[in-house]
Structure formats: C-alpha cells, structure tokens
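This report describes selected features of one protein chain. Please keep the sequence and the structure in view while reading.

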Amino acid sequence: MSDLPTPKPDITPETEAFWDATTRGELLLRRCPDCETVYHYPRTLCPDCLSDDTEWTEASGNAIVYSYTVIRQTRGEYGDSTPYVLAYVELKEGPRIMTNVVDCDPDDVTVGQEVRVVFDDVDEDAALYRFTPQE
Ligand SMILES: [Zn+2]
C-alpha cells in the first residue's frame, strides 16, 4: 500500500471485470483478435478497427515511465500526500496509462525507468493500480 488516497473508481458494466481483477492483483487489458490491438481503458469496441469481438488479456504488470511530473502542491483529497508522482507509464503490451509511481523518492523517478504494477486496496470491489520502481 502506498500512502496515497484510494478514491473509489466509477465501476460500470464494461469495467466491472477489470476492477474485480484488481482485487486479485491482476491488471487486465482488452485485446482485439482481429487487428491485434491491445488497449486500455476497458471498452468493448476496438478503438483501432471498431470490432466488437474483443477479449480480456492479463498484463504482465511490467512497464516503463513514459512521462511524469511531481505534484508538489494541490488541494483536496491528495493535498496531504505531496510530493507525489503523476505519470504515464507504457505497459510492455503497448498501452500507456495514467497512474502514480509510488514507494520511492519522487525525485528519483526518471523517464525510461522500469516499473512494476502494485495495487492499493479500495474495498472488496476494487483496488487502484499504481507502479513502483523495479529492483
Ligand atoms: Zn481491432
């Protein structure tokens, strides 16, 4: 668990299986067998070819930091958590997802750094995916 807040995600019929998997420590992606596109966020229609014949696939959890910023001042729920890292990480499977890099000194994060998914429990319905530097 990181020290960041764990706001409950908006769970819809299209994302219910995704969030359920996070409670088991699994990061799911959608995959289109027709054009081989792997994508996130979860939705039925392939964003590349519009096929609705898509399926779930489990991500390895390995990624690299694509871009990031250190939030040093903010208000609201995250106001007591500064400084923290807001990042886009590029999953090994291709999709880039917005997340936090946690359990490290924010000033040690670099573009291209190898990171791995971790999960912060919200409740019995969901956990939040975040990433931590690989050893
Ligand atoms: Zn497709």
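## Pockets

Grid points are joined across faces, edges and corners, and a volume is the space filled by probe spheres set on the points. The model is a predicted one, in which local features need pLDDT of at least 70 and side-chain atom pairs count only at pLDDT 80 or more, while totals for chains, interfaces and linings use all residues. Residues are numbered from 1 along each chain as its sequence is written, and side-chain values use heavy atoms, with hydrogens and water left out.

The largest pocket holds about 250 Å³ of space. Its lining consists of Pro 7, Lys 8, Pro 9, Trp 19, Tyr 78, Leu 86, Met 98, Thr 99, Asn 100, Leu 128, Tyr 129 and Arg 130. Two strands, strand 6 (96–101) and strand 8, each contribute at least two residues to this lining; here strands (E, at least two residues) and helices (H or I, at least four) are DSSP runs numbered from the N terminus. The lining of the largest pocket comprises 8 nonpolar, 2 polar and 2 charged residues. In this classification, Ala, Val, Leu, Ile, Met, Phe, Trp, Tyr, Cys and Pro count as nonpolar, Asp, Glu, Lys and Arg as charged, and the others, Gly among them, as polar.

The second largest pocket contains about 210 Å³ of space. Of the 14 residues that line it, Ser 2, Asp 3, Leu 4, Val 102 and Asp 103 lie nearest its centre. Strand 5 (84–91) and strand 6 each provide at least two residues of the lining of the second largest pocket, and the classes are 9 nonpolar, 3 polar and 2 charged.

## Aromatic pairs

The whole structure contains 4 aromatic pairs. Rings of Phe, Tyr and Trp (its six-membered ring) pair if their centres lie within 6.5 Å; planes under 30 degrees apart count as stacked, over 60 as edge-to-face and the rest as tilted. The ring centres of Phe 18 and Tyr 129 are 5.8 Å apart with planes at 85°, so this pair is edge-to-face. Because Phe 18 lies in helix 1 (residues 16–22) and Tyr 129 in strand 8 (residues 126–133), the pair ties together parts that are 111 residues apart in sequence. Phe 18 and Tyr 129 are both buried, a term that denotes under 20% relative accessible area, with exposed meaning over 50% and partly exposed in between (1.4 Å probe, protein chains only).

Trp 19 and Tyr 129 form a stacked pair, 6.2 Å centre to centre and with 20° between the planes. Trp 19 belongs to helix 1 and Tyr 129 to strand 8, so this pair ties together parts that are 110 residues apart in sequence. Trp 19 is buried, as is Tyr 129.

## Charges over rings

A charge sits over a ring if NZ of Lys or CZ of Arg is within 6 Å of the ring centre and within 35 degrees of the ring normal. Arg 30 lies over the face of Trp 56, 4.5 Å from the ring centre. The charged end of Arg 43 is placed over the ring of Tyr 41, at 4.2 Å from its centre.

## Backbone features

Pro 83 is located in the loop between strand 4 (62–71) and strand 5.

Glu 36, in the loop between strand 1 (28–31) and strand 2, has a positive phi near 70° and is not a glycine. Leu 50, also not a glycine, has a positive phi of about 65°. Leu 50 lies in the loop between strand 2 and strand 3 and is exposed, with a relative accessible area of 60%.

Definitions and conventions. 1 Å grid on protein atoms, 1.4 Å probe; cavity = no way out; pocket = protein on both sides within 12 Å on 5 of 7 lines; lining within 4 Å.
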